[in-house]
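Me: I'm new to this one and would like a walk through it. Could you show it to me first?

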Amino acid sequence: QLQLVESGGGLVQPGGSLRLSCSASGSSFTDYAIGWFRQAPGKGREAVMCINVDGDLTNYADSVAGRFAISRDNAKKIVYLQMNTLKPEDTGIYFCATDWVCNPRQGGLAQFLGVHWGQGTSVTVSA
């Protein structure tokens, strides 16, 4: 059974940066694409970015274009979410999840639904 643990959240000022990590334990990490989701207070969960097994295909939400980047280190079983130029609307609980495919085509992020989930890490962007 694959288990995911997120870390790296915290409080940051607008315009600042954070790097979140999603560490996996158990087998089959390289069988899965990995995605990051977030849930703002009082709102539903939304997909932010995903990355395929090989790490060479990604997809992202329009709201994070040009600010966030995703990468993975299969040897270490870690996926990173680098978040730059953070805005107050980026505040929320960030979760990583697995799925079989990260579709890089437009609209493909909506197909990433999540199979295994981590417990989340909190990000607050505030002055």
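Predicted model: local features only at pLDDT ≥ 70, side-chain atom pairs only at ≥ 80, totals over all residues.

Reply: Residues are numbered from 1 along each chain as its sequence is written, and side-chain values use heavy atoms, with hydrogens and water left out.

Me: How many helices and strands does the protein have?
Reply: Helices here are DSSP runs of H or I with at least four residues, and strands are E runs of at least two, numbered from the N terminus. Going from the N terminus, the elements read β-β-β-β-β-β-β-β-β-β. That comes to zero helices and ten strands.

Me: What is the radius of gyration of the protein?
Reply: It's taken over C-alpha atoms, and the globule rule to compare it with is 2.2 Å times the number of residues to the power 0.38. For 127 residues that rule gives 14 Å, and the protein comes close to it, so it is as compact as a globular protein of that length. The C-alpha trace spans about 40 × 30 × 25 Å along its principal axes. The radius of gyration itself is 13 Å.

Me: What percentage of the residues in the protein are buried?
Reply: Buried means under 20% relative accessible area, exposed is over 50%, and partly exposed is in between, using a 1.4 Å probe and protein chains only. Out of the 127 residues in the protein, the buried share is 45%.
As for the surface, the protein exposes about 6400 Å², with carbon and sulfur atoms supplying 48% of it. So that the answer ends where you asked, the buried part is 45%.

Me: Which residue takes a positive phi near 75° in the hairpin of strand 4 and strand 5?
Reply: That hairpin has five residues between the strands. Another hairpin, of strand 7 and strand 8, has four residues between them, and there Lys77 takes a positive phi near 60°. In the hairpin you asked about, the residue is Gly42.

Me: How many of the six residues of strand 8 are buried?
Reply: Strand 8 (residues 78-83) has six antiparallel bridges to strand 3 (residues 18-25), where Leu18 stands opposite Met83. Six antiparallel bridges also join strand 8 to strand 7 (residues 68-73), and there Arg72 has Val79 as its bridge partner. Strand 8 is mostly covered, and its buried count is five.

Me: What is the relative accessible area of Ile70?
Reply: Ile70 is in strand 7. Leaving out residues up to four places away in sequence, Ile70 touches several others, including Ile34, Trp36, Met49 and Leu81, where a contact means heavy atoms within 4.5 Å. Ile70 is buried, and its relative accessible area is 10%.

Methods. Areas by Shrake-Rupley, 256 points an atom, 1.4 Å probe, with all protein chains shown as cover. Pairing = 2+ DSSP bridges.
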